[in-house]
Amino acid sequence: ITKEQDALMKLIVEAYNKHQIPQDVAKKLLQEQYSTEENFLLLTEIATSQVQVLVEFTKNIPGFLSLDHEDQIALLKGSAVEAMFLRSAQVFSRKMPEGHSEVLEERIRKSGISEEFITPLFNFYKSVGELHMVLEEQALLTAITILTPDRPFVKDQPAVERLQEPMVELLKKLCVLQHPQEPQYFARLLGRLTELRTLNHYHAEMLTSWRVNDHKFTPLLCEIWDV
Ligand SMILES: Nc1ccc(C(=O)O[C@H]2C[C@H]3CC[C@@H]2C3)cc1
């Protein structure tokens with residue numbers, strides 16, 4: 001790893017660590033009662049704080065704020081679902097204090113999300129958990145997801161590629177260093193990004209079904225997902 005790559009990685013990891021899901025949201029998971037309505041409100045709070053964390057992280061990605069402003073918005077809106085599921089998968093499989101993830105799983109299952117989405121969601125959580133990603137890999141993979149050049153409405157795709165490429169190169173090197181016994185580990189990480197893209201479709205269905213049942217969203221979620 002070169003000096004520049006080490007500096008880039010430190011910046012990304014620092015940005016990733018700077019913003020965590022507020023503890024009060026995690027605490028509520030155990031306290032609130034178990035009605036579908038209450039579960040939905042909790043998930044709304046979780047999603048809203050996840051998106052706030054995502055926006056803050058993105059602003060700290062070196063070079064992001066130098067991109068065309070409309071492209072910055074297009075990248076955020078285009079990657080919010082994937083970045084949110086990537087982070088919630090990591091929180092779910094790692095950071096949760098004992099027993100929290102079972103409670104969160106139960107609340108997700110009973111929040112009005114249709115079964116056809118629940119299965120792929122927990123399959124994804126499981127496949128991320130099995131990778132046992134280190135923090136650097138999680139942070140880089142999230143930044144790589146956000147800096148995907150071919151999101152809808154991105155005008156200057158080469159500018160985004162110029163930011164994403166060094167991150168992919170760095171992640172590749174990291175994987176070789178962190179998992180020498182597993183040469184295909186980097187490919188497995190990128191495979192998670194492909195699985196993530198399939199969740200976009202399910203997520204859109206989830207939002208629509210909640211909307212038609214007149215569930216209210218927060219202004220931030222309405223803005224980022226055009227609902
Ligand atoms: N009013 C809403 C509530 C929750 C979501 C959402 O995407 O929830 C995600 C966050 C984690 C829990 C369920 C999924 C993963 C979207 C709109």
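**Salt bridges, group meeting**

Okay, let's start with a buried pair: Glu82 and Arg151 are both buried. Keep in mind that this is a predicted model. Those two side chains form a salt bridge, and their closest N and O atoms are 2.8 Å apart. Glu82 sits in helix α4, while Arg151 is in the loop between α7 and α8, so this pair ties together parts that are 69 residues apart in sequence.

Now, how many salt bridges are there in the whole structure? The search turns up 13. I'll just walk you through a couple of others.

Next up is Glu70, which pairs with Lys155, with the closest N and O atoms 2.6 Å apart. Here again we have helix α4, which covers residues 69-95, and the loop between α7 (135-146) and α8 (157-178): Glu70 is in the helix and Lys155 in the loop, so the contact ties together parts 85 residues apart in sequence. Is Glu70 buried or exposed? Glu70 is exposed, at 55% relative accessible area.

Glu56 makes a salt bridge with Lys59, the closest N and O atoms being 3.3 Å apart. Both belong to helix α3, residues 36-59, and they are three residues apart, which is about one turn of the helix. What about accessibility? Glu56 is partly exposed at 28%, and Lys59 is partly exposed too, at 40%.

So, to recap: Glu82 and Arg151 are the buried pair I opened with, and Glu70 is exposed.

Notes: Residues numbered from 1 in each chain as written. Predicted model: local features only at pLDDT ≥ 70, side-chain atom pairs only at ≥ 80, totals over all residues. Heavy atoms only, no water. Salt bridge = Lys/Arg side-chain N within 4 Å of Asp/Glu carboxyl O. Helix = DSSP H or I, 4+ residues; strand = E, 2+ residues; numbered from the N terminus. Buried < 20%, exposed > 50% of the residue type's maximum accessible area, 1.4 Å probe, protein only.
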